[in-house]
Amino acid sequence: MDQHNTGDELTCRELVELVTDYLEQALPAPERARFDAHLAACEGCRDYLDQIRRTIGVLGRLDPATLTDDERTRLIALFRGWRAGAGR
Amino acid sequence: MSIALSPQSAGGTSPGTDELALVEALRRGDEAAFLALVERYHAPLMRAALAYVGSRAVAEEVVQETWIGVLQGIARFEGRSSLKTWIYRILSNCARSRGAREARSVPFADLGATGDEGPSVDPASFIPPGQVDAGWWSSHPASWAGLPEERFLAAETRAVIEGAVATLPPAQRTVITLRDIEGWPADEVCQLLAISDANQRVLLHRARARVRAALARYLTEG
Ligand SMILES: [Zn+2]
């Protein structure tokens, strides 16, 4: 756990730049293994990855964009105009 | 409403049967069919348009042009892509031509550029080079495990996130909007924006890193 900087281990600073490739399953297998090995040894990076996942979670739950009454009215008018113009 | 879209039909690469029914109805001038489309896609199109052009007034015009394009083009829709992809392609074209007309709106030429080249995390958070354990955390990110779920769902927290997204460089904003807010799969985003998979990931990475940083500042200071 405290044996840092041995061999070709990832540093935390390197790991944070690989997080998206990791989550997107875009890391080649050896890189992924290095990433997982670092995570297993590093609480800070586990917390960082968790923060990224929570951030993605909140982004996915932003208020669903909804149509306003004004927009609906305007679009119906647009449609009727088009239909009249198209001779339907 | 007589015709509805199932959520499953929104993605994918070819239109589902209900989409085809909708297209047929729209060609006949069926207002309910148009309304079904509008209910489903107008607000997400507005969000995507805002990501492209950055100004609400221009985004509204772009989406209006998009709907006109849909109505004018529906007779020629061949179903080689999903209806959603086809509609977003029209939006993308409208936004592009708008960008060409108004220099201030869309840096579409730069969509392949990543926006900023800064690191994901403030370098001061890491032990500096030359010291023992260089590159490891000098100050750990806070654990969010103890924060109550309500904290993440609070209107104020979501406002922080919306604000962070709004201030991203346009290409990053577009990608994170489509991927993480609208839930598009990566391949559809690449196709729509005509960017490589690797480029899409770089944009998404920078965007997520900046939004995370804003959220971390808010949650630990607020
Ligand atoms: Zn680490």
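**Reading aromatic rings and charges**

Analyst: In this predicted model, Lys84(B) lies over the face of Trp184(B), at 4.1 Å from the ring centre.

User: Which other charged end sits over a ring, and over the ring of which residue?

Analyst: The charged end of Arg32(A) sits over the ring of Tyr22(A), 4.2 Å from its centre.

User: How many aromatic pairs are there over all chains, and why is the pair of Tyr22(A) and Phe35(A) described as it is?

Analyst: The count comes to 9 aromatic pairs over all chains. To describe a pair, one looks at the angle between the ring planes, and planes under 30 degrees apart count as stacked. The centres of the Tyr22(A) and Phe35(A) rings are 3.8 Å apart and their planes are at 15 degrees, so this pair is stacked. Because Tyr22(A) belongs to helix α2 (residues 19–23) of chain A and Phe35(A) to helix α3 (residues 29–41) of chain A, the pair ties together parts that are 13 residues apart in sequence.

User: Are Tyr22(A) and Phe35(A) buried or exposed?

Analyst: Both Tyr22(A) and Phe35(A) are buried.

User: What arrangement do Phe34(B) and Trp67(B) form, and where in the chain do they lie?

Analyst: Planes over 60 degrees apart count as edge-to-face, and Phe34(B) and Trp67(B) form such an edge-to-face pair, with 80 degrees between the planes and 5.6 Å centre to centre. Phe34(B) lies in helix α2 (residues 31–53) of chain B and Trp67(B) in helix α3 (residues 56–73) of chain B, so that the pair links distant parts of the chain, 33 residues apart. Both Phe34(B) and Trp67(B) are buried.

User: Which residues do ring pairs link into a cluster?

Analyst: Phe79(A), Trp82(A), Phe34(B) and Trp67(B) are linked into a cluster by ring pairs.

Conventions: Residues are numbered from 1 along each chain as its sequence is written. Chains are lettered from A and ligands numbered from 1 in the order in which they are written. This is a predicted model: local features need pLDDT of at least 70, side-chain atom pairs count only at pLDDT 80 or more; totals for chains, interfaces and linings use all residues. Side-chain values use heavy atoms; hydrogens and water are left out. Rings of Phe, Tyr and Trp (its six-membered ring) pair if their centres lie within 6.5 Å; planes under 30 degrees apart count as stacked, over 60 as edge-to-face and the rest as tilted. Helices (H or I, at least four residues) and strands (E, at least two) are DSSP runs, numbered from the N terminus. Buried means under 20% relative accessible area, exposed over 50%, partly exposed in between (1.4 Å probe, protein chains only). A charge sits over a ring if NZ of Lys or CZ of Arg is within 6 Å of the ring centre and within 35 degrees of the ring normal.
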